[in-house]
Amino acid sequence: MRLDKLISDAGVATRKEAAAAVRAGQATVNGTVVREPDRKVDPGRDTVVFRGTPLVYRQFVYVMLNKPAGYVSATDDRSLPYVLELLPPEYRKRGLFPVGRLDRDTTGLLIMTDDGQTAHRALSPRRHVEKVYSFTCLAPLPPDAEAAFAAGMTLGDEICKPARLSPSPDRLSGTVALTEGKYHQIKRMFERLDNKITSLSRETFAGIPLDPALAPGEWRDLTEEEIKTLLAAAN
Ligand code: URA
């Protein structure tokens, strides 16, 4: 692959910046300064150092975002703020997209990647990848709500998989664990119980928790360990 592409894929510069920096002599390949951005390099064999830092080639990028309210889980939107806008240009250029959607008013953990196969598999209901959401609701949940969630609720002509509802003692908040992602699923499940969600936030995806250090709108790369967990859950 091209040297400037390897540098931008590593997430340290945009393709344009990488090309300019290479021309300016800021990259070495196997210890030798290379000034041609189109020089062919083998990510598995060649050692590329960019601005003094050895690069680790990343075939795919996996990001954890603390989605703020008001953003749509889309890669593009003409009229509304969208989550991709919260990532830096070199990630936007890689074509990252969200692994499953959160409603515009839902906050919390959104994993974004350019690994289409893993994203697709992680979302397949057959893989039973668990997502845990915390919620608040308008009215106290009735005593039989846990059983209704566990039995697999019917929403119109759709039958939900069994879900785990764990209310707080006052039954006005708690968590819901789902292994699928139907349209507005949790909101519709609460409506089915004549209740209403007043706030919803995703806490975990495939057992990966939202990093509490991330303020709304902040993101970080998944750690190696988290990537392994995601790949294991999806594959
Ligand atoms: N269920 C919903 O109703 N909304 C979400 O954003 C996620 C799950």
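**Ligand site: questions and answers**

The ligand sits in the largest pocket, with more than half of its atoms within 2 Å of the pocket's grid points. A pocket here is an open set of points on a 1 Å grid over the protein atoms alone, where a 1.4 Å probe fits, with protein on both sides within 12 Å along at least five of seven lines. It's a predicted model, so local features need pLDDT of at least 70 and side-chain atom pairs 80 or more, while totals for chains, interfaces and linings use all residues. Numbering runs from 1 along each chain as its sequence is written, and side-chain values use heavy atoms, leaving out hydrogens and water.

Colleague: Between which domains does the ligand lie?

Modeller: Look at who gives residues to the shell around the ligand. Two domains, with bounds from an automatic or database assignment, both do, so the ligand lies between domain 2 (62-125 + 214-234) and domain 3 (131-205).

Colleague: Which residue has a polar side-chain atom 2.9 Å from an oxygen atom of the ligand?

Modeller: Polar contacts are pairs of N or O atoms within 3.5 Å. I186 uses a backbone N or O atom, 3.1 Å from a ligand nitrogen, and K187 also uses a backbone N or O atom, 3.1 Å from a ligand oxygen. The side-chain one is T106.

Colleague: Which helix gives the largest share of the shell around the ligand?

Modeller: Helices are DSSP runs (H or I, at least four residues), numbered from the N terminus. Three shell residues come from residues 185-192, which is helix 6.

Key:
A polar contact is a pair of N or O atoms within 3.5 Å; within protein, one must be able to donate a hydrogen and the other to accept it, and residues adjacent in sequence count only if both atoms are side-chain atoms. On a 1 Å grid over the protein atoms alone, a cavity is a set of points where a 1.4 Å probe fits but cannot get out, and a pocket is an open set with protein on both sides within 12 Å along at least five of seven lines; lining residues have an atom within 4 Å of a point. Helices (H or I, at least four residues) and strands (E, at least two) are DSSP runs, numbered from the N terminus.
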